[in-house]
Amino acid sequence: MASPNDIKKGTVIKMDNGLAVVVSFQRVSPGKGSSFVRTRIKYLSSGKVVENNFKSAESLTFEEVGHKKMQFIFGDADTLTFMDGNTFEQVTMGRDLVGEDAKYLKEGLDVTVIMHNDAAISMELPLKIEYVIAETEPATKGDTASGNVLKDAKTDNGLMIRVPIFVKEGEHVMVNTDTGDYVERVSK
């Protein structure tokens, strides 16, 4: 049995409804009462993300999992395929296990695949991913006056994002995979 104080990002916990991976956590020590760990956990079976507080005195069961650096190579309507760059081993995972994060995948992207009993059960994206803007409207004169003007843009993998008005087609941008927001332009 483990203590909630041992929780880290990526820890897999055995819960009533199956396995859940910790997406984020924060240790809280209020002035009154006992300390606790506030977490956002993602159920691996459903992909549902919920918030949960664990009191420091609770006992948890951590599940042994492996984390493998793999590269996304292709996907179809139901599955996604990843390859280990060293062993060329390929694993296939259902899109339902990846959930909304599948929209950020592009060919050749390095991700962390979580393995349990030789089966891929989840995937973690990098916090920021670089994309090329494939389509966007050109800026029109006068749009820059208000300062924080955004427009729609389509990236090289088909992801729709909102970018500042000064971003043009063919430019490289960083996107935050937690929020889906534009972060910055990347100079090449």
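**View 1. The whole protein in outline.** The protein exposes about 11,200 Å², of which carbon and sulfur atoms supply 47%; such accessible areas come from the Shrake-Rupley method with a 1.4 Å probe, and for residues only the protein chains shown count as cover. This is a predicted model, in which local features need pLDDT of at least 70 and side-chain atom pairs count only at pLDDT 80 or more, while totals for chains, interfaces and linings use all residues. Residues are numbered from 1 along each chain as its sequence is written, and side-chain values use heavy atoms, with hydrogens and water left out. The protein has 1 helix and 15 strands, where helices (H or I, at least four residues) and strands (E, at least two) are DSSP runs numbered from the N terminus. Its C-alpha atoms fill a box of roughly 60 × 50 × 25 Å, taken along the principal axes. Of the 188 residues in the protein, 38% are buried; buried means under 20% relative accessible area, exposed means over 50%, and partly exposed lies in between (1.4 Å probe, protein chains only).

**View 2. The surroundings of A2.** A2 lies in the segment before β1, a strand that covers residues 12-15. With a relative accessible area of 16%, A2 is buried. Leaving aside its neighbours within four places in sequence, A2 is in contact with E58, S59, L60 and F62, where contact means heavy atoms within 4.5 Å. Although A2 and F62 are 60 residues apart in sequence, their C-alpha atoms are 6.7 Å apart in space.

**View 3. An open sheet of 5 strands.** The strands of this open sheet follow the order β8-β7-β6-β9-β10, and their pairing is antiparallel; two strands pair if DSSP finds at least two bridges between them. The edge strands are β8 (90-94) and β10 (119-124), each of which pairs on one side only. Neighbouring strands of this sheet are turned by 45 degrees against each other on average, direction ignored; the axes are lines fitted to C-alpha atoms, for helices over the stretch in contact, and angles run from 0 to 180 degrees between N-to-C directions. Within the sheet, strand β6 (residues 66-75) and strand β9 (residues 110-116) run antiparallel and are joined by 6 bridges, and K69 stands opposite T112 in β9.

**View 4. Strand β14 and its partners.** Strand β14 (residues 172-176) is largely enclosed by the rest of the structure, because 4 of its 5 residues are buried. Strand β11 (residues 128-136) pairs with β14 in the antiparallel sense over 5 bridges, and the bridge partner of I129 in β14 is V175. β14 is also joined to β15 by 4 bridges, and these strands run antiparallel; here the bridge partner of H172 in β15 is V186. The hairpin of β14 and β15 has 5 residues between the strands, and in this hairpin G180 takes a positive phi near 80 degrees.

**View 5. R185 in strand β15.** R185 is found in strand β15, which covers residues 182-186, and at 40% relative accessibility R185 counts as partly exposed. Not counting residues up to four places away in sequence, R185 touches F166, V167, E171, H172 and V173. The side chain of R185 makes a polar contact with the side chain of E171 at 3.1 Å; a polar contact is a pair of N or O atoms within 3.5 Å, and within protein one must be able to donate a hydrogen and the other to accept it, while residues adjacent in sequence count only if both atoms are side-chain atoms.
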